[in-house]
Amino acid sequence: MRLLLVEDNVPLADELVQGLQRQGYAIDWLADGRDAAFQAACEPYDLIILDLGLPGRPGLDVLREWRDAGLRFPVLILTARASWAERIEGLRAGADDYLAKPFHPEELFLRVQGLLRRARGLDSRAPIEVAGLRLDESRQTVWRDNEEIGLTGAEFRLLRYFMLHSNQLLSKSRLGEHLYEGDGEPDSNVLEVHVNHLRRKLGRQVIETRRGQGYCFVGLSA
Amino acid sequence: MRSIQRRLGVGLLFILLLVGVVMVNASIWLVDLGLRRYLQNGLRDEAELLLIATVRGPAGIQLDDLRLSPAYQRPLSGSYFRVDLPDQVWRSRSSWDFQLERPTRSGLQHGLVDGPGGQELLVYRADFRRFGSDLSITAAQDYRPLSLAFTQVRWLLSGIGALALLVVLLLQWLNVRAALHPLERVRLQVLQLQQGRRGRLDSEADRELAPLVEQINSLLQHTEGSLRRSRNAVGNLGHALKTPLAVLRSLLARAELDALQPLRRQMDDQLDVVEQRLARELNRARLSGEVLPGAHFECDQELPPLCDTLRMIHPHLRQLSWQAPPGLRLPWDREDLLEVLGNLLDNACKWALTQVSLSIEQDGQELLLRIEDDGPGVAEQLRSSLLARGSRLDEQVPGHGLGLAIVRDTLDAWGGTLQLGNAGLGGLRVDVRLPLPN
């Protein structure tokens, strides 16, 4: 999953970027509202974490612009101004969730997880469970029946994306766009290697290859 | 209480009374004077007639009765004369046993002389010389009927004057009331100002009131400005500290500190203290700033978006309902009340299984906000500790204790109370009672 963090406080952004990367997200960071307005419109982000007090342009303005332009990605507002009146205003502008500073990083990670599940039409509180596999996002492992299977960071990222988009045809370029930061797109061989690792750990039938088109995650039930 | 109306009324009463008394007396005095002058002519004519009636008879100088007015013959008729000759005095028959004194000087006498039978006489003396001897003729006429008439007129005028005075006072009262009406309008506007239904006074006041209204408006502006500045100062400081706090929290979560759990926990606790303190002081700064009214809370306008927001934050809820009398307007600051309702509803939503309900009703001079959920509820013995400042029943649900502390600060400022009970839905019921400001 690829996230955009828009936050002008450098120390906080540093910490959040590292924390979110440890959670297995590809994350881009911007500090200016004008840059954010532009970049979010061209890159395929799965979620945006938006601070409201931004240099350049106020966060709420940027958010309204995105929504007016029909961009539907989930937006989590991060702000020191956390009264209910401001929260209502933020959600009215099109935000999907609201987190007040200061917060526990854990809380932010949980909200991000929840929002991503919700955006895919899943229960935001329950772990991702698809066709006999259950993903444990905090431990970055996957459960098959009662067996816990360990994953590397790259495998976990890939599997999470597959499980959130099960039974969908995913091209290699789309996977690359959503799993790696702005300029860090790997060549398709790396992706193939990770897919094969997953197949070895979970069973060959879990991920189908469609020649010339990409992959499709079908899980154990197929 | 001192009253402008009464002061103006009393002032006008004295002025009109003074003017009225002076006018009545002056006019009567003038008429009296004119009348006496007129009567003086009549008396002089009488004296001259008496002189003509003085003839030389067989026994010397005598009065020719035939030439005299019959009024001098009839006793106590009101017309009298006295003719003083060097050696004798003639008096009119009408004098009867009354002695008309000869005035000391000639002409019309000042004042009236007491006459017979309560009469008051106007007396005129003229001196002549006839048949070689000095004559002094004194004619008198009863002035009493006229005096009586004057008294009557005086009473009549006083009555009419008093009546006119009453009418004038009544008109003045109405007039003053009408003139003070703009003041009443300004008073109503100040009241609306206090109730938060307007931000400033209408500057289109009457010319006399315009300076007052302008002063009040500029005072409002001044107060508002300094209030905003001090509120902003506290707010900016508080909000500026929040980002570094968030950084500290993130740093504490780093893997390097995994080996130092006790240290991490202690620092976390201290950060909690700082954070709660900050949130509460920010809330208090806003509350103590309630000298000027902000917008009030219109239930129909504010509750739907609040509920939408809560539904978005808590998507597991199946039902989040509210009911309030249509058009109900709560006379407290909109943001503060949103904060109270938001925190309480948020708590209820965190604990609820499927539904939360909010009802707002007016109960006499009190407003009752009731929030119910169908969650696990709180055991009775734990309720008091839940209400203790800043405590949390469940560390897993963040911000629980803090939200309640902020609600309690706000309720304290408004003189409201908070009670916990069993909800009809099965979970916790929170009753907030707020006394309506007058």
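Two residues are in contact if their C-beta atoms, placed from the backbone, lie within 7 Å. This is a predicted model, in which local features need pLDDT of at least 70, side-chain atom pairs count only at pLDDT 80 or more, and totals for chains, interfaces and linings use all residues. Residues are numbered from 1 along each chain as its sequence is written, and chains are lettered from A in the order in which they are written.

By that contact rule, 27 residues of chain A meet 23 residues of chain B. Helices are DSSP runs of H or I with at least four residues, strands runs of E with at least two, both numbered from the N terminus.

H4(A) gives the largest share, six residues. By class, this side of chain A has 11 nonpolar, five polar and 11 charged residues. Ala, Val, Leu, Ile, Met, Phe, Trp, Tyr, Cys and Pro count as nonpolar; Asp, Glu, Lys and Arg count as charged; the others, Gly among them, are polar.

Now one annotated site. UniProt, in an unreviewed entry, places "modified residue: 4-aspartylphosphate" at A:Asp51; such annotations may be inferred rather than shown by experiment. A:Asp51 is in strand S3 (residues 47–51) of chain A. A:Asp51 counts as buried because it has 22 C-beta neighbours inside 10 Å (buried: 20 or more; exposed: 12 or fewer; partly exposed: in between). Leaving out residues up to four places away in sequence, A:Asp51 touches A:Val6, A:Glu7, A:Asp8, A:Gly59, A:Leu78 and A:Thr79.
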